[in-house]
Amino acid sequence: MNNYPSLILQCEDSIEGILTAIYDAFVEKNKMHSYQDGDISIAIGDNLNVNLFAREIQVKTDLEKAQKTLSTIQSRLSYRAYKNIMSALCHFSLDRGDAALGYLIKGFPMGAKVTEALSDPYVMRIMELSRKVDNEAHLFCGFVRFHDLGKFLYSEVEPKCNVLPQVMEYFEDRFPNEHYVIYDLRRKMALVHPAYKNSFFVYGDEWNVDVSKQQDHFETLWTEYFEHIAIKERKNPRCQRNLLPKWYRKNMVEFK
Amino acid sequence: MANEISVASDWDGIMEKLTILADSAKYDVACTSSGVERKGDGKHMGSAAGCGICHSFAADGRCISLLKILFTNECIYDCRYCVNRSSNDVKRVSFTPEEVCVLTMEFYRRNYIEGLFLSSGIIGSPDYTMGLLYETLFLLRTKYHFHGYIHVKGIPGASSDLVELTGYLADRMSVNLEFPTAEGLRTLAPNKVRQNILTPMRQIQNGIKESRLNHGVYSMKSRVSIDEKTYYSQIAGMQESYDKLCDYQSAKGVLRGEKAAKVAEGAWGLTVRENAKSYGVAQRTAALTHADRYFVPAGQSTQMIIGATGETDYQIMSVSEALYNRFGMKRVFYSAFVNVNQDETLPAFREGVPLLREHRLYQADFLLRFYGFKADELLSECRPNFNERIDPKCDWAVRHLEQFPVEINTADYYTLLRVPGIGTKSARRILAARQHGKLDFDAIKKMGVVLKRALYFITCNGRMMYNTPIEENYITRQLVYAEKPAQLLLPDGGSAHYEQLSLFDFAV
């Protein structure tokens with residue numbers, strides 16, 4: 001990461017986009033005579049880091065290339081490495097593409113052992129990023145609140161990381177018999193699950209469904225229960241804030 | 001919704017019951033949903049995560065994971081410490097099994113809860129009460145097809161057949177020990193009998209054992225998902241490390257924990273009168289008829305109230321250790337005493353509930369369960385209580401400075417675990433990572449080691465982080481300063497004052 005990159009790959013801000021860029025980066029790397037750490041950099045979204053001496057390439061998202069990258073990770077590394085990379089790519093930090101690329105360059109010669117090589121800065125960075133995402137996803141498994149809209153269950157969330165892909169399997173497994181939608185307000189992206197079927201994502205403008213709420217008695221019951229379950233003599237808002245920071249509470253019915 | 005019909009008529013009535021019975025249940029401690037990993041069945045609602053999931057945090061900072069309610073707050077017993085004692089003049093209400101089921105299902109599908117935690121006052125007789133709890137669980141599992149987590153209390157004095165039938169429907173069962181000393185139980189809960197608490201505990205323990213035999217080994221490994229390869233590569237090293245730890249402990253004379261066992265025996269007398277009725281024939285037939293079900297798969301837990309009867313921390317930890325060793329407990333919970341009845345014979349704690357003491361006990365409890373510590377190492381007859389100013393592990397470390405400093409790049413697992421600031425996760429990461437290169441302070445910090453505590457006890461490649469002396473008074477002072485954030489656990493955030501010290505005074 002120390003020297004300036006000689007090549008910048010500009011890709012779309014999505015998991016598929018970054019995976020395509022990683023694919024192209026390996027193609028470019030193989031063309032180079034000698035590759036040094038940090039020669040190729042991946043720029044995500046519009047955050048173009050204008051660099052006088054670097055060549056720039058616009059990467060067009062290609063699902064086939066992304067899929068190839070993924071299957072290579074699974075076969076050459078391990079399922080665990082695959083999970084780590086996928087989690088890390090859901091983070092919001094701009095260097096996640098560089099970290100994943102560095103991780104893979106380090107990883108392919110090493111094989112499955114790469115997940116343990118935490119003394120390498122890229123491996124460590126991927127561990128940090130994926131830990132952050134996994135932790136947040138774990139919390140959202142608990143903090144998502146569904147409103148019963150009659151026809152389906154609806155939930156709004158505003159996660160910092162892109163946790164929907166991470167929690168998809170969990171909710172599908174837990175509520176196979178429910179129609180539900182989890183809508184990420186920040187990314188304008190909805191996780192839709194029709195009962196007994198596979199979940200899928202709906203992006204931005206395509207999502208316009210009436211989500212007006214009617215009165216739900218169980219919401220009132222829950223809010224009241226929440227008040228009563230606390231022991232007054234032990235009231236401790238700082239501890240509560242520590243465990244459930246305020247930004248999580250925005251869409252939780254008991255805090256409204 | 002078809003479910004709603006049964007309760008829709010009377011929302012106010014349901015609301016009243018829910019609030020009263022939540023109010024009576026809130027002094028129960030355990031609200032954990034961990035210990036069993038169960039995928040959904042693809043048709044019905046519910047699953048269970050091995051690590052447990054918190055769904056909210058109440059104003060007292062405690063996690064809300066399960067719908068924690070009493071079935072009824074009517075009670076024939078007159079326990080002095082309890083809100084629901086029969087001589088208290090409070091409004092008494094009872095749920096019906098259907099109502100509990102509907103509440104659980106509807107809360108669950110809105111993702112408010114992870115499952116149900118059902119306890120109850122004793123209505124009519126122990127058997128009648130246990131029967132109601134069983135009926136509720138039976139409906140919830142078979143009529144409503146609920147596959148989530150259920151924690152249910154075992155009612156002391158209920159017949160063993162009922163306890164057993166319930167155990168096949170629940171994930172976790174618990175029988176409250178109530179107090180760390182049998183003396184406390186006699187004076188404060190005159191209607192409860194020691195044997196009635198210990199017998200179902202033993203029964204549940206045996207049931208779990210038998211169920212695991214029937215279903216094959218159902219160990220920690222299959223319940224919590226651990227990466228297999230890492231697991232096996234580390235397990236050999238860990239075993240070696242554990243043998244070394246045992247050698248050390250037997251040299252110190254604490255391996256068998258005889259002293260603590262004696263203290264526990266004195267405090268509680270944990271021998272169970274083993275009569276044929278407590279488990280046996282009925283147990284086996286049920287195991288056969290429920291060949292597809294596990295008996296209490298998430299294990300057994302118990303809880304005790306601390307600070308009401310003047311017991312020492314040493315007594316408490318000894319009793320806990322005995323419960324872990326002899327009753328196969330998964331968890332022991334501690335609840336700081338709150339004098340809800342304003343009973344004059346019980347301590348009042350004008351300065352607030354003894355939360356710090358409770359916190360110290362939990363810290364020590366984790367040391368027993370995951371860090372290979374013995375109660376006798378942490379406390380003794382001459383030091384029967386925990387240090388208020390630093391946590392039990394730091395306290396042990398500063399009194400055993402001959403064990404330090406520890407070299408991060410070579411030390412084995414249990415040696416690493418004894419360093420303050422290193423936990424099970426970071427110790428495992430260190431073991432894995434150092435096979436690929438030398439570790440320095442920067443690297444272990446990123447792995448999650450808390451350097452502000454660890455730096456006095458470790459070296460990386462033969463060097464300490466700063467030039468700090470290995471000297472008891474100096475390190476203690478630094479650690480007391482480092483622990484200031486622990487004040488977060490005190491309700492008003494500032495009732496304890498420690499002397500301000502400069503962060504690093506580099507005295508050599």
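Here is a short chat about a predicted model with chains A and B.

Student: Which helix supplies the largest share of the side of chain A that touches chain B?

Tutor: Start with the whole interface: 45 residues of chain A are in contact with 53 residues of chain B. On chain A's side, H5 (121-143), H6 (164-174), H7 (217-228) and H8 (237-243) each bring at least two residues. The largest share, eight residues, belongs to H7(A).

Student: And how many residues on that side of chain A are nonpolar?

Tutor: Let's sort that side by residue type. Eight are polar and 14 are charged. The nonpolar count is 23.

Student: Over in chain B, why do the buried residues of H10 line one face of the helix?

Tutor: Helix H10(B) spans residues 258-267, and its buried residues are B:Ala260, B:Val263, B:Ala264 and B:Ala267. On the other side of H10(B), B:Glu258 and B:Lys262 are exposed. Look down the axis of H10(B) and you'll see the buried ones line one face because they fall within an arc of 100°.

Student: Which helix gives the largest share of the side of domain 1 of chain B that touches domain 2 of chain B?

Tutor: Chain B is assigned domain 1 (5-218 + 257-378) and domain 2 (392-489). Twelve residues of domain 1 are in contact with seven of domain 2. On the domain 1 side, H13 (355-370) and H14 of chain B each supply at least two residues. The largest share, eight residues, comes from H13(B).

Note on methods
Residues are numbered from 1 along each chain as its sequence is written. Chains are lettered from A and ligands numbered from 1 in the order in which they are written. This is a predicted model: local features need pLDDT of at least 70, side-chain atom pairs count only at pLDDT 80 or more; totals for chains, interfaces and linings use all residues. Two residues are in contact if their C-beta atoms, placed from the backbone, lie within 7 Å. Helices (H or I, at least four residues) and strands (E, at least two) are DSSP runs, numbered from the N terminus. Ala, Val, Leu, Ile, Met, Phe, Trp, Tyr, Cys and Pro count as nonpolar, Asp, Glu, Lys and Arg as charged, and the others, Gly among them, as polar. A residue is buried if 20 or more other C-beta atoms lie within 10 Å of its own, exposed if 12 or fewer, and partly exposed in between; C-beta atoms are placed from the backbone. The arc is that of the directions from the helix axis to the C-beta atoms. Domain bounds come from an automatic or database domain assignment.
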